[in-house]
Amino acid sequence: MRRPTYVIIVVATLSLAFAYTASFGIPLSVPNAHATSHTVTLTGSFATGWNGTNPGPTISITQGDSVTLNLISTDGASHTFVIDVAHAGIIPNPNCTADKCSNQFSSSTTFMFTADMAAGTYSYYCSIHLQHMIGSLVVHSSTNAGPDFSATLNPNMLTVAQGSSSSAALTLTSLNGFTGTVALTATISPSGPTVSFSSRSVALSANGSASSTLTISVTTTGLYSTQVSNGAYTVTVTENSGSVSHSTTVPVTVGSTGSGPTPSGSSGSMPTYGSGLSGAALLYAALAVIVLAVVAAVVALTRRRRTSA
């Protein structure tokens, strides 16, 4: 086999390996000097949520950090892990080009990603068992090492029946000695439900925490009032104190949520990636090319030795 043929095989193999690795969001570059590595274990179950709670534990990282998640299914059902980077809400078919999605797993898997999103609070969830397996991921700014605060919601998604209301606790936590008053505002899209706070300003002491209750109402009053439509809404809460500002999104479902997912996870499918191919398809293609390249190289070397002999 001539040298140009060797070069073509090597380049093709490396290109496919790169495409396969990139499709899973595995970082190929060395993290920035300020970044650190985190390893987190999450056990998932339809009945008990992540790590035995629903919502699951809050994961706190900093922009640029490299994160390794050890994901384990404790009920034998199929699960996926999704970070709602696009703030699209807790949905069964996430956009894995924008969001961060693991493989589907029914025993265990490892999912790696780099915290390359904007500072803020994001939801993580299982796209097969939506309301049953959710949690919060807090990404802190890598450029702001001064006083700051974080915001988390419990629960981080709400379902409201017609003519009723539902609430969540918004907890603010002081970071790096932050002290001050945080003003809270909220918008909802599309319009319809009413959003209110038990307190629109929260005072934080250094390294302390405080909370306000967020309430979503879909009650109607008056003879000519219009009923709020059933469907999906998104509430965006803005927490502001001087030059420090954050936003937190809350998916809200008004009306019936349907029959819901089943423990078997039969409604799920393996996420697809930017090219539209599944991770399994890319893996098989890469392995096939690697095997062919190795076989071709061995045959060529054997022929060369016989010719030289």
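**Labels and their cut-offs**

Reply: Gladly! Of the 309 residues in the protein chain, 39% are buried, where buried means under 20% relative accessible area, exposed over 50%, and partly exposed in between (1.4 Å probe, protein chains only). This is a predicted model, in which local features need pLDDT of at least 70 and side-chain atom pairs count only at pLDDT 80 or more, while totals for chains, interfaces and linings use all residues. Residues are numbered from 1 along each chain as its sequence is written, and side-chain values use heavy atoms, with hydrogens and water left out.

Me: Why is Thr 215 called buried?

Reply: Thr 215 has 18% relative accessibility, and the limit for buried is under 20%, so Thr 215 counts as buried. Thr 215 sits in strand β16 (residues 209–217); strands are DSSP runs of E with at least two residues, helices runs of H or I with at least four, numbered from the N terminus.

Me: What makes Thr 215 and Ser 167 a polar contact?

Reply: Their side chains are joined at 2.9 Å. A polar contact is a pair of N or O atoms within 3.5 Å; within protein, one must be able to donate a hydrogen and the other to accept it, and residues adjacent in sequence count only if both atoms are side-chain atoms.

Me: What makes a set of residues a nonpolar core?

Reply: The members are buried Ala, Val, Leu, Ile, Met, Phe, Trp, Tyr and Cys residues joined through side-chain atoms within 4.5 Å. The largest such core has 27 residues, and those touching the most other members are Leu 170, Leu 172, Leu 214, Ile 216, Val 235 and Val 252. Strand β18 (residues 244–254) gives this core its largest share, four residues. Another core, of 21 residues, lies apart from it and includes Val 67 and Met 117.

Me: How do you know which stretches to treat with care?

Reply: pLDDT is the predictor's confidence in each residue, from 0 to 100. The protein chain averages 77, but pLDDT stays under 50 over residues 18–34 and is below 50 over residues 257–280. Where pLDDT is low, the predicted coordinates should not be read in detail.

Key:
Contact = heavy atoms within 4.5 Å.
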